[in-house]
Amino acid sequence: MRALAVMETHRWNMAAQLDEKAPTVAFVRMRVHWARTISAVHLGDRKTAQHSAKQLHRDYAALRKERGILRESNPMVAEADAWVEFARGKADRAVSKMRAAADQDEFGVDEFSLPAREQLGDLLLELNRPADALEAYETMMKTAPGRFDSLWGAGRAAELAGKPEIAPRYYAQLLQTSAPSSDRVERKQAMTFLENNQR
């Protein structure tokens with residue numbers, strides 16, 4: 001759950017506090033290395049990202065052996081690999097891997113998962129492809145409406161894609177679905193956007 005909290009709130013520095021030795025179950029260790037990989041990419045630490053990705057692959061190999069899983073990859077592994085490719089400057093490979101992760105995301109959308117298609121939107125935003133990012137977020141919200149990160153991403157993507165008539169709708173929904181006491185910087189930025197566009 002701590003790994004998911006890091007990912008959901010984008011508090012990348014907190015990933016270093018995750019204890020990889022504490023979990024005794026391979027799947028739980030995978031979540032730690034998954035969060036560490038992606039956080040390191042966002043912090044510009046490619047070396048740590050690559051190291052964590054290798055550990056993630058190792059733990060998935062252990063899980064496959066333990067449970068007799070035939071598939072060579074899973075969404076967490078593919079997501080981490082996609083972000084590592086992004087860090088390497090391999091944009092097309094990064095997007096391809098993330099789309100594959102979104103297509104095979106078997107965990108669904110619940111309190112225990114972070115949707116791969118939402119991460120696809122995040123990746124496309126990082127690659128300065130806001131129109132494609134907006135499409136990814138909107139597709140995500142058809143199955144999971146009201147997710148903070150999807151609403152924020154859709155609003156931001158609409159801004160950058162030159163669709164100012166769409167951005168306010170998503171930002172307003174974000175404010176409705178998040179607590180006023182939230183310290184998320186994205187919430188504050190959404191409020192600022194809406195205030196500036198009401199003048």
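A cavity is a set of grid points where a 1.4 Å probe fits but cannot get out, and its lining residues have an atom within 4 Å of a point. The exercises below apply this to a predicted model.

**Exercise 1. Describe the overall fold and dimensions of the chain.**

Solution. 
- Start with secondary structure. The chain has 10 helices and 0 strands.
- Next, take the box. The C-alpha atoms fill roughly 60 × 35 × 30 Å along the principal axes.
- For 199 residues, a compact globule would have a radius of gyration near 16 Å; the chain has 17 Å, which agrees.
- Check burial. Buried residues account for 46% of the 199 residues.
- Finish with contact range. Take contacts between residues at least 6 apart in sequence: 54% of them join residues at least 24 apart.

**Exercise 2. Find which residues line the second largest cavity, and state its volume.**

Solution. 
- Count first. There are 2 cavities of 30 Å³ or more.
- List the lining: M7, H10, W12, I38, H42, W83, L114, Q119 and D122.
- Sort by class. The lining has 5 nonpolar, 3 polar and 1 charged residues.
- Assign helices. α2 (26-42) and α6 (116-126) each supply at least two lining residues.

**Exercise 3. Examine H10, a residue of that lining.**

Solution. 
- Locate H10. The residue sits in the loop between α1 and α2.
- Phi of H10 is near 60 degrees, a positive value in a residue other than glycine.
- The cut-off for buried is under 20%.

**Exercise 4. Decide whether α6 is enclosed or open to the outside.**

Solution. 
- Count buried positions. In α6, 9 of the 11 residues are buried, so the helix is largely enclosed by the rest of the structure.
- Name them. The buried residues are A116, E118, Q119, L120, G121, D122, L123, L124 and L125.
- Cross-check with the cavity. Q119 and D122 also belong to the lining of the second largest cavity.
- Find the partners. The buried residues of α6 pack against α1 (2-9), α2, α4 (75-87), α5, α7 (130-143) and α8 (148-160).
- Look just past the helix. N128 lies in the loop between α6 and α7. Its phi is positive, about 60 degrees.

**Exercise 5. Trace the surroundings of A101.**

Solution. 
- Judge burial. A101 has a relative accessible area of 0%, so it is buried.
- List contacts. Beyond its neighbours within four places in sequence, A101 touches P75, A78, E79 and A116.
- Tie this to Exercise 4. A116 is among the buried residues of α6.
- Take one pair. A101 and E79 are 22 residues apart in sequence, yet their C-alpha atoms are 6.0 Å apart.

**Exercise 6. Identify the residues with the most contacts inside the largest nonpolar core.**

Solution. 
- Size the core. The largest nonpolar core has 54 residues.
- M7, L18, M30, W34, Y170 and Y171 have the most contacts inside it.
- Find the main contributor. α2 gives the largest share of this core, 9 residues.
- Leaving out residues up to four places away in sequence, Y170 touches L134, E138, M141, L151, A154 and G155.

Methods. Residues numbered from 1 in each chain as written. Predicted model: local features only at pLDDT ≥ 70, side-chain atom pairs only at ≥ 80, totals over all residues. Heavy atoms only, no water. 1 Å grid on protein atoms, 1.4 Å probe; cavity = no way out; pocket = protein on both sides within 12 Å on 5 of 7 lines; lining within 4 Å. Points joined across faces, edges and corners; volume = space filled by probe spheres on them. Helix = DSSP H or I, 4+ residues; strand = E, 2+ residues; numbered from the N terminus. Nonpolar A, V, L, I, M, F, W, Y, C, P; charged D, E, K, R; others polar. Core = buried A, V, L, I, M, F, W, Y, C linked by side-chain atoms within 4.5 Å. Buried < 20%, exposed > 50% of the residue type's maximum accessible area, 1.4 Å probe, protein only. Contact = heavy atoms within 4.5 Å. Rg over C-alpha atoms; globule rule 2.2 N^0.38 Å.
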